[in-house]
Amino acid sequence: MKLTIQKNNLIKTLQNIQSIVERKVTLPILSNIKLVADNNKIEIYATNIETSCKSTIPAEIKKSGDITINARKFFEITKELPEENIEISVGENSRITIKSGKSRFNINGLPASEFPSFPEYNEGVLTVIDTEVVKEMIDRTIFAVSTEEYRHNITGIFFEAEEGKVKMAATDGYRLASIEKPTETEIKLNKGVIIPRRGILEIKKILDNEGSLLAGITDNSMAFKKGNTVLIIRLIEGEFPSYGQVIPKDNNKLITISREVLASAIRRVSVLSSDKIRGIKFSISKGKMSLYSNNPDLGDALEEIDIKYDGDDMEVAFNVDYMLDVLNILYTNNINLELKDSGSAGIIKTGLDDGYTYVIMPMRV
Amino acid sequence: MIKSKIKVMPPDLAAKIAAGEVVERPASVVKELVENSLDAGAADISIHIVDGGKKLIRVYDNGEGMSREDAVLAFERHATSKILKDDDLCSISTMGFRGEALPSIASVSDAMVATKVAGEIAGTRIRVRGGKIEDISDFGCPDGTTVEVRDIFFNVPARLKFLRSNAAEMGRIQDVVHHLSLANPDIRFKLTHGKNILLNASANSDLKTRACDILGTDIMRGVIPVEGNGGGVSVMGFVSNSNITYPTTKGVFVFVNKRWIRDKGINYAILQAYKNMLMRDRYPLAVLFISLPPEDVDVNVHPAKTEVRFKNPRFIYDVISDAIRNAILQKNKDYPDGTVTALHTSVPQDRIREPAIHYQTQDIADRQAALFEKAFHGTNGISFPELNFVGQLWDEYIICNDESMFYIIDQHAAAERIAFERIRKEYYSYGIRGQILLVPEIIEVSAAEKEALDSSIDVIKDLGFEIEQFGGNTFILKAVPEILSGRGCSGLLKDMTEEICSFGKAARIEDAIDAILVKLACHSVIRGRRKLTRDEVVSLFKQLSEVDFASNCPHGRPVVKMFSKTEIETMLKRR
Ligand SMILES: Nc1ncnc2c1ncn2[C@@H]1O[C@H](COP(=O)(O)OP(=O)(O)O)[C@@H](O)[C@H]1O
């Protein structure tokens, strides 16, 4: 294998795939990426079995061939190379030589035959979906995904499509973020799928590639293609909780608050909550909300803010992190808080017709 | 005419057998009756209890039954069909052998036996009250034997007063039934207390299925099978990995020749096999069946027959330790990043096992513990915020020093310690707040745990949990303590139930609550390695300095270990 390639073309791909390549692995080949040179292009493959990625970059191929190389070393070297033109060649015993200007590096590679094969997928079944919509849906849900490995069925975003609509939902068992958007293209999905969090982060990275976003399901994986990159993400097996049921329908205490005012009041009051004890109490009465936190070690804090509300008095406690998380990702000036009583789920919405619903479970006081 | 199988024991033989009361409490009655049923070859045994056995104990079996003559004889002292001459005592292989159970039981209660031999037309019913036969009659009943014992100790008020609460007595009965049913998985066992079905284990089960019935399917999920033998001794059964542990030996079930026994040496042999994988004062789950030639074990040491004397104890302990250790090692080989590294113990690691040093090593462990104790209580005087942070060892230990001392701080233990104080303060100041779950979690518990949970739902609520019964042995968990949100809780809940089961045993309720709070704290901090920034260390030191070290932490491992400069200088021969 022998080729020359532009540093500029190579570097972004190498950077993007670092997070796919495992650092500590039992299978050393998985710390490598596979390069396949042929037909004036080079294909770069990375995989951690769960997520596999293939990027195609134009290159001047002098001799076709393939090899695998340590992903991190390759990236670090490429970053430091002095010139735009890079020459890569493979000699005896999988020895790789990288040359640029006066620099020259030799690295030992491993034969490409040992690298896991890229999952099969059928380009024909991919459909175009709106990049902006996907981006918004991911951004508004991913923060609620559980990071507890043992509850694997909620360690990803649930993705569903039904006639004219796409939906995403994420939960960690204490709150739920869900969003639905209309779609023009028809997406064929018999049942919802759970896309692992790590895979979603990879999708986010390719969203600003050029071209339109294509997606489709193959077997137990989901394929995403944008520009020169294809991602195949193995879906999480298991049942996502039927979340429709946990979204309350009869919350009749409707409150409108300035998002910024609420967020900063929460931040101030929670100064007195420790990193473990995160509950603060919200007392709501006509036109007013007071936030209260107390901590046996530090003392208590109280703050009052104006709200739009004219129902009965009530009191409820929430974890401040679950509140701040959602306030931070919303963008409207005001938010709507829909409550029922101190022991039932609360709802946060933007007040716009944007399909977004956030459910937050209270704390017992 | 049916041949009589029961003989009255010659008096000298009777005298040879260790004396002692057979009937100590309802559980001992249950044990005797069920053992009789097993001896009678029953395939189906049902035990019904009312009021912890104080009101009624009824054991039904479908075994061989008794003829009228035998049944009458059975109520005479030292009547037994099992031992005929002195030599027989040495090769005891049936369960009961003293021939005094039924008469002893009948002498302190209102007892009734209804029994029929298969093929006979009518059965026999005998009523005995306070040892006096009141009635013998023909009786229509199914094949097998039913024994009813009512109003135990009605004529021995001193004994009656000695009995504990219904729940406590029932707990002991359950233990007895669990032991017997684990040892006999082929036999159907049913245990009811009033209206509650506590155990319903079907016939022809294997050990694993039976253990699931008793211990709960959840717990059985991660067990490791154990098998080993040597020199005529064989061991088989299973143990838990180091994730499932108990504060007492209550998860340890040891059977010698199918008889449940308690033996300190064996318990120690089990712990030895785990070496540094268990925390101090924690025991694994272990169900072990040890078989050895009857002449190598003396079962008659203790009247309640739960202790044995081995001819060659060390050898047996070695076989047990080896079998368990091999099983664990095999398991760890199969799953290289298993759970083995997460837990620590105070027992030194460098002890190469040699058959002869078991008891010596126990001494070392004790001495070591005492040393730690000293180090631990010595932490009072340390001024943490003033310590100079030197660095971190293996991302697990903080190394620091001051003028004259060098300190190693276990960061996990320190974090746990701080969390414990915080939770404790919270609990006593306004109760621990619970975070409600979006979708309630379903939890399956064992029968014993169910009773414990039932009786303590309110206590648990103060701890931030919210639990509701769902039917059978299933509960729904609706809220978890705030401090735990985001962490797995069902394991903790199990652990807590353990503690609650032993509430009765704790000297003070505060101790029991503290024990639970320790658990909460332990689950709330991140385990394992973590690189700490200087800021984090400073904040940890500050928090440590606010913790009152002298205050109770009977369960804790040491947080700090220190060496004086002099010690180090001596070590390096500078002095
Ligand atoms: N459930 C039973 N089924 C058949 N025979 C029984 C049963 N219970 C007791 N017996 C007979 O009664 C005898 C005396 O019983 P017991 O007093 O309990 O003494 P042992 O210690 O021998 O069991 C036993 O040896 C047995 O033959």
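How do strand β6 and strand β7 of chain B pair, and over how many bridges? Strand β6 (residues 123-129) and strand β7 (residues 132-139) of chain B pair in the antiparallel sense, over seven bridges. Two strands count as paired if DSSP finds at least two bridges between them. Strands here are DSSP runs of E with at least two residues, while helices are runs of H or I with at least four residues, numbered from the N terminus.

Before going on, some ground rules. This is a predicted model, where local features need pLDDT of at least 70 and side-chain atom pairs count only at pLDDT 80 or more, while totals for chains, interfaces and linings use all residues. Residues are numbered from 1 along each chain as its sequence is written, chains are lettered from A and ligands numbered from 1 in the order in which they are written, and side-chain values use heavy atoms, with hydrogens and water left out.

**Chain B**

Back to that hairpin. B:V128 has B:I133 as its bridge partner in β7(B). Two residues sit between the strands, and B:G130 takes a positive phi near 55°.

Chain B also has a pair of packed helices. Helix α2 (residues 26-39) and helix α6 (residues 166-183) of chain B pack at an angle of about 25°, with their axes 8 Å apart. Axes are lines fitted to C-alpha atoms, for helices over the stretch in contact, and angles run from 0 to 180 degrees between N-to-C directions. From α2(B), the contact (heavy atoms within 4.5 Å) takes in residues including B:V30, B:V34 and B:L38, and from α6(B) residues including B:I173, B:V176 and B:L180. By class, this contact has nine nonpolar, no polar and four charged residues. Ala, Val, Leu, Ile, Met, Phe, Trp, Tyr, Cys and Pro count as nonpolar, Asp, Glu, Lys and Arg as charged, and the others, Gly among them, as polar.

The model as a whole scores ipTM 0.80 and pTM 0.54.

**Chain A**

Now for the sheets of chain A. One is an open sheet of eight strands, in the order β6-β2-β3-β4-β17-β16-β15-β10, with antiparallel pairing. β6 (65-70) and β10 (127-129) of chain A stand at the edges with a single partner strand each, so one side of each is left without a neighbour in the sheet. From one strand to the next, the twist averages 20°.

Helix α1 (residues 7-17) of chain A packs on this sheet, touching β2 (32-38), β3 (41-47) and β4 of chain A, and its direction makes about 175° with that of β4(A). Helix α4 (residues 197-206) of chain A lies across β4, β16 (221-226) and β17 of chain A, at about 165° to β17(A).

A second open sheet has five strands in the order β5-β1-β7-β8-β9 (chain A), again with antiparallel pairing. Its edge strands are β5 (60-63) and β9 (103-108) of chain A. α1(A) lies across β1 (2-6) and β7 (85-90) of chain A, running at about 85° to β1(A).

α1(A) has a helix partner as well: its axis and that of helix α2 (residues 71-80) of chain A come within 10 Å and cross at roughly 145°. The crossing is left-handed.

Here are some strand pairs of chain A.

| Strand pair | Sense | Bridges |
|---|---|---|
| β4(A) (51-58) and β17(A) (229-234) | antiparallel | five bridges |
| β18(A) (253-258) and β23(A) (334-339) | antiparallel | six bridges |
| β23(A) and β24(A) (346-349) | antiparallel | three bridges |
| β8(A) (95-100) and β9(A) | antiparallel | six bridges |

A:E338 of β23(A) is the bridge partner of A:L254, and A:I347 in β24(A) is the bridge partner of A:E338. A hairpin of six residues joins β23(A) to β24(A).

Methods: A crossing is left-handed if the near helix is turned anticlockwise from the far one by less than a right angle, and right-handed if clockwise.
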